[in-house]
Amino acid sequence: MLDFRQSFFFLELLAAAPIFCSNMKPGSRSPLTGLLVILSSFLLSSLSVFYRFQSYGFAGKIMWVGYYLLIFCLMAAVVLCYRKATVMELLVVAVLSYSAQHLGYNIWMLIAIGTHLPLSIETVFSAPYLLLQAACYLAVYLTLYFTVGRQFEIDSTKIRNRRQWLLSCFSLLFIAIAFNLFFIPADGNARFSLFFIDSICTLFGIVTICLITKRDALENDLALMGQIWRLRQEHYEITKESMDIINVKCHDMQKAISSLYVNRAGPMDQDTLDEIRNSIRIYDAVFHTGNEALDVLLTEKSFLCRNDDIRFTCAVDGGAVDFMSTADIYALFGNILDNAIEAVRLLPREEDSRRVIDCTIRAKNSFLVIQEQNYYDGVLKIKSGFPVTCKQDTNYHGFGMKSIQLVVDKYGGNLSFSANENIFVLDILIPIEKRESDSERKC
């Protein structure tokens, strides 16, 4: 009833799954559920009834296709027990895992045929052969993991062409399943050539899907960043207009209060007068750096810091950034300060000495020198060379450092950061070049 030799195929698939799902979020199901699914799948894959298909000719091969698809689904069910995944994400990971097993099998067959090892049923399942085969699979799996699997991430929300994904996945799955059933000749030399070609095709398919994943993620990130930049530009225009109106109104109110104080028969209560003037003066404390975009941005961020009891200090030469466009200025410094405010907000309010943001912007030796420092709590996590956002919604947050890097790269600059003793330091160096296109770039 049971033939555990068949279960080796399922175990090989199961061993290949971690190559491409190591970066997926853990599932919510209990480990016991996963173990029960593994055990049930193991027993189901061991049913000896499947061996009867071999005597049915072409119809039997079609039945074997059904068997392989069943094992494919069982392996996908096991992955779903331990990882959170949508249907599309699960399909991609399962196809890549199946292809990795198929590639391992092909490499093993190339070694066996090339070295003229006997491939009878008795020898294939002997202990020495199983050890050699396990070593071959291990080498293939580790190579795939360290070359493509370790960086592989799949997010169905970033998939831009589902038809292309489905076509790629099912094509690769067809190659892996149909090849061994329909295209293996008996001649040794021809078999070696076909296994070699199949290995190249399978490897090409794996790399192609991984590259498509990376491309879709990058295109989605760029689209979101472009949307964020447009929103920042609109926000800048609204903020600038609002600040102009507020400053005019506050100036008029100060003149009115002064006139009221002079024209009264008796002096107004000094405490009341000071309170009114102080409430207005907060809006009059705008930055005058020599660059209008910086003035608007720094004033806005200083208001945010004041409301959150954050001490914001900066030494700024606005003329040093005149070669940059307004949009780039707002994107660069807006993201720098937003990231700093996000980190300092998490510090306890009673720690006044640490709730500080310091920023320096100046020109030195034909370079724009930018440095920002702030305290932070916890451990700073780095992913793909950038600090990870503290926010929960990573769909629209987490692009701050990427946006900063894009602006720095646009102007041929260099970005570096350090984090020591819970102090984050960001350093940016951008060459200042006077070019005719500078005036064209300004908004």
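## The end of helix α13

Helix α13 is followed by Gly412, whose phi is positive, near 70°; here helices (H or I, at least four residues) are DSSP runs, numbered from the N terminus. Within α13, which covers residues 400-410, the buried residues are Gly400, Met401, Ser403, Ile404, Gln405, Val407 and Val408, where buried means under 20% relative accessible area, exposed over 50%, and partly exposed in between, with a 1.4 Å probe and protein chains only.

## Basis of the values

The model is predicted, with local features needing pLDDT of at least 70 and side-chain atom pairs counting only at pLDDT 80 or more, while totals for chains, interfaces and linings use all residues. Residues are numbered from 1 along each chain as its sequence is written, and side-chain values use heavy atoms, with hydrogens and water left out.

## Packing of α1 against α7

Two packed helices are described by the angle between their axes and the distance between the axes. The axes of α1 (residues 7-16) and α7 (residues 127-149) come within 11 Å of each other and cross at roughly 25°; axes are lines fitted to C-alpha atoms, for helices over the stretch in contact, and angles run from 0 to 180 degrees between N-to-C directions. The two helices are therefore roughly parallel to each other, a term that applies to angles under 35 degrees.

On the α1 side the contact is made by Phe8, Glu12, Ala15 and Ala16, and on the α7 side by Leu130, Gln133, Tyr137 and Tyr141, contact meaning heavy atoms within 4.5 Å. These residues divide into six nonpolar, one polar and one charged, with Ala, Val, Leu, Ile, Met, Phe, Trp, Tyr, Cys and Pro counted as nonpolar, Asp, Glu, Lys and Arg as charged, and the others, Gly among them, as polar.

Gln133, which lies in α7, counts as buried at 11% relative accessibility. When residues up to four places away in sequence are not counted, Gln133 touches Glu12 and Trp108.

## Ile200 in helix α9

Ile200 has its place in helix α9, residues 188-263, and is partly exposed, with a relative accessible area of 47%. Ile200 and Asn106 are 94 residues apart in sequence, yet 9.8 Å apart in space, C-alpha to C-alpha.

## Cysteines

A search of the whole structure finds zero disulfides, a disulfide being a pair of cysteine sulfur atoms within 2.5 Å. For Cys314 the closest cysteine sulfur is that of Cys359, at 6.3 Å, which is too far for a bond. Cys314 counts as partly exposed at 24% relative accessibility, whereas Cys81, at 6%, counts as buried.

Terms used
Parallel < 35°, antiparallel > 145°, perpendicular 65-115°, else oblique.
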